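Subject: Handover of a structure

Dear colleague,

Please find below the structure that I am handing over to you. My findings follow it, and I would be grateful if you read them with the structure open.

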Amino acid sequence: PIENEVKITVQNFVMYNAPIHITTEALSIQNENHTLEVGESVDVKETINYENLAPTGRYTFRTLLLDKDNLDVDNPIATGSVSIVAESKNGSTSVTFTGVNSAELVKAIENADGTVTYKAKDLVCYVYCDWDSDFDRYDGQRADHTDPNDTNETVTIENPTLHTTFTGTVTMTHNGLVGNTVDFNDKIEFTNLSIGEEYYTITSIVDKATGTVLTIKDADGNDVTEIKTTFVVPDTATKGNGTTTVNMVVDTSKLLTATTDANGVTTITGKDIVCFERLYTASGIYIATHEDVTDTAQTVTVVPPTISTTFVDSVTNEHLTPIGQDVPLTDIVKVTDNLNPNESYYVIGSVMNAETGEALIDKETGKPIEVRKDFTTTAENYNNITVNVDFSVDTVDFVEWDATTNTLKTTKMVCFERLY
């Protein structure tokens, strides 16, 4: 290549043979900037600006897309070329590298300790200018632009990011309902994917306290530990940024824990569950993850329902009841918060001796006085439903004559409830 300007005089004609000068700019065609999207087939446009070509001369610009980490010109990531006839000494042309698998270049690496490593990668474009003359001896390379530190001819493959919002489908909050088939949505926001390409997510739910992966149900009702969801990045996803949503069904009733203290008082507590996501290209290249148990946005808290009750005489609606056989009593059970709509439950009411805390026994059957009442929630009442548990009690069995005081000794009854 000619590095210095040469002045040539032929008779009365003076010609300057100036060195060819090349500048370039490499851009993502999708993003129109130096950030290259992540996909299995992405395109890079290299714009070549030249100075001091010979007008009407034939030139070929050869281009190499290289990994900046090794700059191996014998094994480029992609190649391209364009031939032109120069209309003037200064001008521009371009070459497009098509079908670049940028995902393979920045795929996630799973380490032995379970962590995942990502690393962005710079790609640099080298350009060589060849002169195609009518004389073989003049053919060959005339100029190049091969500066690995030129930011204009560099594109950076930035790893995609995932941000998620995990909520109950019904509540649309981070409060999880309690039931056998509770729906949840995981809204996944992604960045820097390739428009028009197919990807898939692998989604799972873990117990925040233990890290245990939970069993969930897929769209066909099968018990699984993860769900695969395929999506295509739409044309409306500006610069490859967009969202996709994963639906999951969980038996949250299994997440509640009942503990009984030394006084016999039972307490039911819930759990925090966290949704984990991994992102892959269509062929299975692992490119992003979001698995952070401290992220409140991808956490749902499953809380038990609240029960309040009123135990009365069914006829008078008072807390006093007559002495007799088959006396109707009603336990009015109000359940608020956290039941799942359109799901079946049942409540068991038990009549207890308020003074001793022991169950009252039906003398005819010899069994505790208990009644089960089944009910089904609806979309209208799931968050506030009242259920009446009706008893027929021989109250005469729970009174006795005190000969010492010549008074009738009665029993104070209380009703306990368990919800299933």
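T229 is found in strand β20, which covers residues 227–232. Please note that this is a predicted model. Is T229 buried or exposed? Its relative accessibility is 18%, and buried means under 20%, so T229 counts as buried. Leaving aside residues up to four places away in sequence, T229 touches Y199, Y200, T201, T245 and V246.

Y199 belongs to a cluster in which ring pairs link it with F190 and F231. Y200 has K228 lying over its face, at 4.2 Å from the ring centre.

Aromatic pairs

A pair of aromatic rings is described by the distance of the centres and the angle of the planes. How many aromatic pairs does the structure hold? There are nine. One of them is formed by Y50 and F61, which are stacked, with 5.7 Å from centre to centre and 20 degrees between the planes. Y50 lies in strand β5 (residues 42–51) and F61 in strand β6 (residues 58–67), so this pair ties together parts that are 11 residues apart in sequence. Both Y50 and F61 are buried.

Another pair consists of F311 and F391, and it is edge-to-face: the centres are 6.0 Å apart and the planes stand at 75 degrees. Because F311 lies in strand β27 (residues 306–313) and F391 in strand β31 (residues 384–393), the pair ties together parts that are 80 residues apart in sequence. F311 counts as buried at 15% relative accessibility. F391 is buried as well, with a relative accessible area of 4%.

Strands of a sheet pair through backbone hydrogen bonds, either parallel or antiparallel. Strand β5, which holds Y50, is also part of an open sheet of three strands in the order β3-β5-β8, with antiparallel pairing. Which strands stand at the edges of this sheet? They are β3 (21–28) and β8 (91–100); each has a single partner strand, so one side of each is left without a neighbour in the sheet. On average, neighbouring strands of the sheet are turned by 20 degrees against each other, direction ignored. The antiparallel strands β3 and β5 are joined by eight bridges. In this pairing, H21 stands opposite E51 in β5.

Loops

Most residues other than glycine have a negative phi, and most peptide bonds are trans.

- N52 is not a glycine, yet it has a positive phi of about 75 degrees. N52 is found in the loop between β5 and β6, and at 25% relative accessibility it counts as partly exposed.
- L71 also has a positive phi, near 50 degrees, in a residue other than glycine. L71 is found in the loop between β6 and β7 (78–85), and it is partly exposed, with a relative accessible area of 27%.

A further loop residue is E364, found between β29 (344–353) and β30 (370–376). E364 counts as exposed, because its relative accessibility is 69% and exposed means over 50%. E364 and S308 are 56 residues apart in sequence, and their C-alpha atoms are 30 Å apart in space.

The chain as a whole

Finally, I turn to the overall picture. The chain contains one helix and 34 strands. What is the radius of gyration of the chain? It is 38 Å, well over the 22 Å that the globule rule gives for 420 residues, so the chain is more spread out than a compact globule. Its C-alpha atoms fill a box of roughly 150 × 40 × 30 Å, taken along the principal axes. Of the 420 residues, 40% count as buried. Among contacts between residues at least 6 apart in sequence, 68% join residues at least 24 apart.

With kind regards

Note on methods
Residues are numbered from 1 along each chain as its sequence is written. This is a predicted model: local features need pLDDT of at least 70, side-chain atom pairs count only at pLDDT 80 or more; totals for chains, interfaces and linings use all residues. Side-chain values use heavy atoms; hydrogens and water are left out. Rings of Phe, Tyr and Trp (its six-membered ring) pair if their centres lie within 6.5 Å; planes under 30 degrees apart count as stacked, over 60 as edge-to-face and the rest as tilted. Helices (H or I, at least four residues) and strands (E, at least two) are DSSP runs, numbered from the N terminus. Buried means under 20% relative accessible area, exposed over 50%, partly exposed in between (1.4 Å probe, protein chains only). A charge sits over a ring if NZ of Lys or CZ of Arg is within 6 Å of the ring centre and within 35 degrees of the ring normal. Contact means heavy atoms within 4.5 Å. Two strands pair if DSSP finds at least two bridges between them. Axes are lines fitted to C-alpha atoms, for helices over the stretch in contact, and angles run from 0 to 180 degrees between N-to-C directions. The radius of gyration is taken over C-alpha atoms; the globule rule is 2.2 Å times the number of residues to the power 0.38.
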